[in-house]
Amino acid sequence: MMTNKRASSPEPGPSEVKRTRTEGITSLHAWLHPDEPPPLTSHSPPLHESSSTFLSFTISFLPPSHITTEASLAKEARRIVRDLDVVSQVGDLAMGSGEGAFQGGEGRALGRAKAKERAREPDHRMWACRALCLKEGKNGTEGEEDYHLIESFNDDGEKFGGERILKVLREQNAVDVLTVCCRWYGGDMIGPIRFQHIATTVQTSLKSLLHLVQLRDLRTTLEGLDEDIAALRTIAAFSSSAPSQDDPVQSGGKYDAIDDVAKLERLVKAKEKTKAILESKQGS
């Protein structure tokens, strides 16, 4: 953690210059892997304390097969953290209330437009990652024995910050996730309460990501059931030589507007029942 009061209009350090220059630009990894879907990502609301602001991201992280050690996991995590465009994604949100690091000029920088301010890069991007990775020399064909849990973290100058994030992930039994806690530091030291704020924002972003994962999995299940039901009805219509009056299967994404987990779960149960009825008719 920084110990000296920042100047009211700070000059960006080398790391801030590097990050600022990449804002809005596709990362090298994304350019090399254009067909790779973006990972599910969620973030907490900003949490302000004195002249500091905390905000956490949690990212769904499915480790590639080459990640078999803590060193390789840390290397991939650092790339993801580096490519995370914090300012574009949450800069306006973080500075919107004018609190914490944004109550004065501490958390702000000049924008591209004249007289327009934007949030500057956070001072710290502390992170932790837990992932179920293949063991070296294994390919996953032998089941659970081919995998092991690997953890990694980085404080990024906020002493014990990464360890606190990892502690929360362990307590929540979170696996295959990478959490990044950003802190904008305005100059006033706040002491140990910073660890509480780190934990709070991490828990919030993790809970939000788990909700997104639930929604994604239920929507995928529903789309799969729709395809199965349509196929069963086509077979039934062909067998009876009668034309099917059913609506055609809609393209993917038809359930994206439903954000209620309970409603999606009810739909899954209803479609599973429909599928079972159709299968039983074919078997009779």
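E121 sits in the loop between β5 (117–119) and β6 (124–134); strands here are DSSP E runs of at least two residues, numbered from the N terminus. The model is predicted: local features need pLDDT of at least 70, side-chain atom pairs count only at pLDDT 80 or more, and totals for chains, interfaces and linings use all residues. Residues are numbered from 1 along each chain as its sequence is written, and side-chain values use heavy atoms, leaving out hydrogens and water.

- E121 counts as buried because its relative accessibility is 2% (buried means under 20% relative accessible area, 1.4 Å probe, protein chains only).
- The side chains of E121 and R125 make a polar contact of 2.6 Å (a pair of N or O atoms within 3.5 Å, one able to donate a hydrogen and the other to accept it; residues adjacent in sequence count only if both atoms are side-chain atoms).

**Strand β8 and its partners**
- β8 spans residues 177–185, and nine of its nine residues are buried.
- One side carries V177, T179, C181, R183 and Y185; the other carries L178, V180, C182 and W184.
- β3 (residues 52–60) runs antiparallel to β8, joined by nine bridges (pairing takes at least two DSSP bridges).
- L55 has C182 as its bridge partner in β8.
- β6 also pairs with β8, antiparallel, over seven bridges.
- A128 stands opposite T179 of β8.

**T58 in β3**
- T58 belongs to strand β3.
- T58 is buried because its relative accessibility is 0%.
- T58 and V177 lie 119 residues apart in sequence, yet 6.7 Å apart C-alpha to C-alpha.
- Beyond four places in sequence, T58 has contacts (heavy atoms within 4.5 Å) including L40, V177, T179, V202 and L209.
- The T58 side chain makes a polar contact of 2.7 Å with the side chain of S205.

Methods
Helices (H or I, at least four residues) and strands (E, at least two) are DSSP runs, numbered from the N terminus. Buried means under 20% relative accessible area, exposed over 50%, partly exposed in between (1.4 Å probe, protein chains only).
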